[in-house]
Amino acid sequence: MIQLAIDLAFVLEKAILIGGIISVSLLVAMYSTWAERKVAGFMQDRLGPNRAGPFGLFQPLADGLKLFMKEEIIPNASNKFLFILGPGLAMMTAMMTSAVIPWGKQIEIFGRTVDLQIADINIGILYIFAVLSMGVYGIMIGGWASNNKFSLLAALRGASQMISYELAMGLSIIALLMLTGSLSLKTIVELQSASGGWWNIAYQPLGFLIFIVCAFAECNRTPFDLPEAENELNFGYHQEYSSMKLGFYLFAEYINMFMSSVLMATLYFGGYDIPFVNDASLIESMGMNLVAVLQGLSLFLKAAFFIFVFMWVRWTIPRFRYDQLMHLGWKVMIPLALFNMLITAIVVLIRENGWPF
Amino acid sequence: MNITEILFWLLTAVALGGALLVVTSKNPVYSVLALIATFFALSGHYILLNAQFLAVVNLIVYAGAIMVLFLFVIMLMNLNTETEPQKNKWLKLAGTIAGGCFLLVLVAALREADSKSTMALVGEGDTGLIQNLGKALFNEYVIPFEISSVLFLSAMVGAVVLGKK
């Protein structure tokens, strides 16, 4: 007989945490679609969706229902297995990032202290990069399996764009890591929220700028939405998709957007740190659970602001041309990131060893 | 049989099955996908050996970057089962013999290793953690490390020069 030595309470705790975080991410992504249309309406002096429910709040439900009801079409000449695998991969890689993000400090339930983080691994940031680089496959496999030249072109564009911007993103993160000296996201947040500690944006403004531009490119958002440039490629890599498989691709984009917003808040804006307040003394006066809720709320507000920035940029800036995109990625972003890294390294070295001359 | 053993055998099965699929599948795109699955299983093994940094770098570099380039080439050249050129019989035989010899050497070299019966070192070995690895690389092995980085740089410059032609 196989005996499994597993702490049942631990498994249950993590399962509930994973379920909770995934449903919250899905909910946020759902209402991001609504918010996007509202923001677009506001920018273009329209009302946006306002028929379904108060302020059009039921619009995402209606859209989801519509996508479910649509006919499922799998093209004859496509590769059936990969055609179905593509959107699934896109969705899965979008969700996987949430595993290492700390959503709050700790809560206490039934005498157990529960960390509000699925896995505090000591290579948190590298894990995120690994997942990000997997995100390419959803697009590539879907685009290739459709057996459509436009889809294939869009998929190749998307993949090369994501690989190019991943480099600059990684280099901008390295400068941050030199300052914090840790790859664990939890430690990075704790360093920022410690009393007297500043948010990393104060030390790394250039790094943050590079990071946000690369995040736009990684999420395939305007101005870098070349993979779905409809004036050149019809509908991009998901041209042949219909029904909920198309929904998965579109939804994965919004989840990616949410995750990169949370990541930006975590890395550069203090994560779950409540601004202008000493969290440690707040825990003593208000109790652990209430503070954890406030911290989660603070992280969500920061993330919501970045989601708004994503939308703001989308409805303001026109799309890049492909050569401009590559030029920006390789000839502007990477040298800037290297420069940032060099300056940070020099400053860190001088701070640790003193002025050598 | 505890949970690490189950994981070990599961990962081993995935790795071996994936590696077999790479060789046997007719469609090159399937081969690449099977290779990616193999890399994932190997990364799982690294994590079982408490070498998290190695695991994640294996994913980023091999599964994330190199395999994407493979897919790129295969998709752009539109390699299919019909157009794939069949290698001649002697070449296949030579390949099999070379691979078998390599396996023999590997088995012979690892037969006397002291860790051959350890399946997993969960939370034990610490050489694979990023801190220790970094210290070892930049203290004991700093010269080989720098030389290999120069090698990479020259390869990059070479690729750019070839690409410009």
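## Fold of chain A

Chain A contains 13 helices and two strands. The model is a predicted one.

The C-alpha atoms occupy a box of roughly 65 × 60 × 60 Å along the principal axes. A compact globule of 357 residues would have a radius of gyration near 21 Å, and the 22 Å of chain A agrees with this. Of the 357 residues, 43% count as buried. Among contacts in chain A between residues at least 6 apart in sequence, 80% connect residues at least 24 apart.

## Helix H12

Helix H12 of chain A comprises 27 residues, 288–314. At 1.5 Å a residue, H12(A) should span 39 Å, and the end C-alpha atoms are 39 Å apart, so the two values agree.

The buried residues of H12(A) include A:Val291, A:Ala292, A:Gln295, A:Ser298, A:Leu299 and A:Lys302. Further along H12(A), A:Ala303, A:Phe306, A:Ile307, A:Phe310 and A:Met311 are buried as well. An α-helix has 3.6 residues a turn, so residues three or four places apart point the same way. Among the elements that cover the buried residues of H12(A) are helix H1 (8–43), strand E1 (106–109), helix H10 (243–268) and helix H11 (279–286) of chain A.

## Contact with chain B

The contact between the chains draws 21 residues from chain A and 18 residues from chain B. On the side of chain A that touches chain B, helix H4 (124–145) and helix H5 (149–180) each supply at least two residues. H4(A) gives the largest share, nine residues. By class, this side of chain A has 19 nonpolar and two polar residues, with no charged residues.

Technical notes: Residues are numbered from 1 along each chain as its sequence is written. Chains are lettered from A and ligands numbered from 1 in the order in which they are written. This is a predicted model: local features need pLDDT of at least 70, side-chain atom pairs count only at pLDDT 80 or more; totals for chains, interfaces and linings use all residues. Two residues are in contact if their C-beta atoms, placed from the backbone, lie within 7 Å. Helices (H or I, at least four residues) and strands (E, at least two) are DSSP runs, numbered from the N terminus. Ala, Val, Leu, Ile, Met, Phe, Trp, Tyr, Cys and Pro count as nonpolar, Asp, Glu, Lys and Arg as charged, and the others, Gly among them, as polar. The radius of gyration is taken over C-alpha atoms; the globule rule is 2.2 Å times the number of residues to the power 0.38. A residue is buried if 20 or more other C-beta atoms lie within 10 Å of its own, exposed if 12 or fewer, and partly exposed in between; C-beta atoms are placed from the backbone. The expected span of a helix is 1.5 Å times one less than its number of residues.
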